Amino acid sequence: MKHLATIFCVASLMVALTCATVQAQDQPQRKVTPVKPKTNKTLTPPKGTPEKIINEYLSGDTAQARAQERKDSLAKIYPHYPKLTELSLGLNFGDLLMTAFGQKYTSVDLNATLNMWNRFQPVVVMGLGRAKDTPQDMNFTYSGKLSPYFKLGANYNFLFKNEPRYQLYVGARLGMSAFKYDITNVNINNPYWGEFGNDYEMKGVSSNALWGEFLAGLKVGIAGNWALGWEVKFHGIFKEKKNASGKPWYIPGYGTRNGNWAFGINLYYNIPLNHSHWPVKEQKKKEKK
Amino acid sequence: MTSKIKYCACAAVIALVAMVSCNNDNCMGNSTGIPLAAFYEGDKQISLSDITVYGIGAPNDSAVIRNATASQVYLPLRITEPKCQYVFDYNIDGIENDTITFDYDIIPYFESRECGAMYNFDIKEYSYTQHFIDSIAIPNPSITNSDVVTIKIFM
């Protein structure tokens, strides 16, 4: 019985295959029409492709041409400035300006900034500061003698893809100063004991301080190699000399000890270094052409 | 040119924020170094009623407090001499007055622009009678303008 069922299945399969073959032979044969390639089409390079690359393609050195194209493309996105991009010499005159508006202390400093890769910028600052104040309704005159200060630090330029004449940066500084000050015209009264007119002076009190600054700033080219810069600083004193006679009110280069904020305005003269290696903008390239 | 204007505007805003942020501290302490004495019984600060405290040699017999109830009292030190004495009159029958004597160094001190120049004191020695006072403690002999208790008088 089992053999009979198997024979029946095989026979049915054969009949079905035969029918399918006959039906396929009855249908018309599919036409194959080959497409003729357009042999007269001119392959044009993308607009703006340098002639050198086109010549390399034409000469058959496609690998070199592609490598050059990739390099040019990256340069557009990520312009690479040389290690020594620019040297900026600056004059911080923010305090001088504020003195004209009644500020009782002033400082002026010269700073040198080396712009490396248009990103990292080591900075050296040297300056002088002084103060003189006799506050109203108070019992003293504070005279901070003209004293030097120094700062070392670095900036990081966020606009490293742009031209160095426009910069938005953050930075840090370590500052130090050794200075002297006088406290004069001191008048102290002790009404309970009837002690009036007790004057004293503290002259030539020496002190020193070490402080740190975090800053954010802008630098904008104004004309030729000249630029203006604005800086906002947040600073704090790390260490200072402890005197039995008290703490100084003014620290050259730091400012007064009230508050942690300060600002500066700089006039810069920029000296481009390795200018021939600076990336040239496409627009300028066109203008040259 | 437009970008220049944008940069300048940003700079102006930053400078303005910086200027607004500049704050002036006020003087939080006294205008000179004055010791503040407080009365204690054990660890607990107490008030004494009808007490008079005066300095020996003060002009016109003036008192720091007179017949008042007080838990603490300022004792200004002399600035022309390195020594002064205070008398504590309790106005209690049968209890004699106590006298405290301070010997100290007078130290010219510049506190800040807001508080000004003043004198601080460094108490070298002190002595007292023990009619009503049990003992006196001066944990920190340096007297500044800080408004804190520097002399603890235990009754």
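Tutor: Happy to! Let's say that two residues touch, or are in contact, if their C-beta atoms, placed from the backbone, lie within 7 Å. This is a predicted model, in which local features need pLDDT of at least 70 and side-chain atom pairs count only at pLDDT 80 or more, while totals for chains, interfaces and linings use all residues. Residues are numbered from 1 along each chain as its sequence is written, with chains lettered from A and ligands numbered from 1 in the order in which they are written.

Our spot is Tyr119(B). Setting aside residues up to four places away in sequence, Tyr119(B) touches Thr32(B), Gly33(B), Ile79(B), Ile106(B), Ile107(B), Pro108(B) and Tyr109(B), and also Ile188(A) from the other chain.

Next comes the core. A residue is buried if 20 or more other C-beta atoms lie within 10 Å of its own, exposed if 12 or fewer, and partly exposed in between. A nonpolar core is then a set of buried Ala, Val, Leu, Ile, Met, Phe, Trp, Tyr and Cys residues joined through C-beta atoms within 7 Å. The largest such core has 38 residues, and Tyr119(B) is among the four that touch the most other members, along with Tyr142(A), Ile183(A) and Ala117(B). A second, separate core of six residues includes Leu218(A), Trp230(A), Ile265(A) and Tyr268(A).

Now for the strands, which are DSSP runs of E, at least two residues long, numbered from the N terminus (helices are runs of H or I, at least four). Two strands pair if DSSP finds at least two bridges between them. In chain B, β7 (residues 98-112) and β8 (residues 116-128) pair in the antiparallel sense over 12 bridges. Within this pairing, Tyr109(B) stands opposite Met118(B) of β8(B).

Both strands belong to an open, antiparallel sheet of six strands in chain B, in the order β4-β3-β6-β7-β8-β10. At its edges stand β4 (63-70) and β10 (142-143) of chain B, each with a single partner strand, so one side of each has no neighbour in the sheet.

How far can you trust the picture? pLDDT is the predictor's confidence in each residue, from 0 to 100. Chain B averages 83, with 81% of the residues scoring at least 70. Over residues 19-24 of chain B, however, the pLDDT is below 50, and this stretch has six contacts beyond near neighbours in sequence. Where pLDDT is low, the predicted coordinates should not be read in detail. For the complex, the predictor gives an ipTM of 0.80 and a pTM of 0.72.
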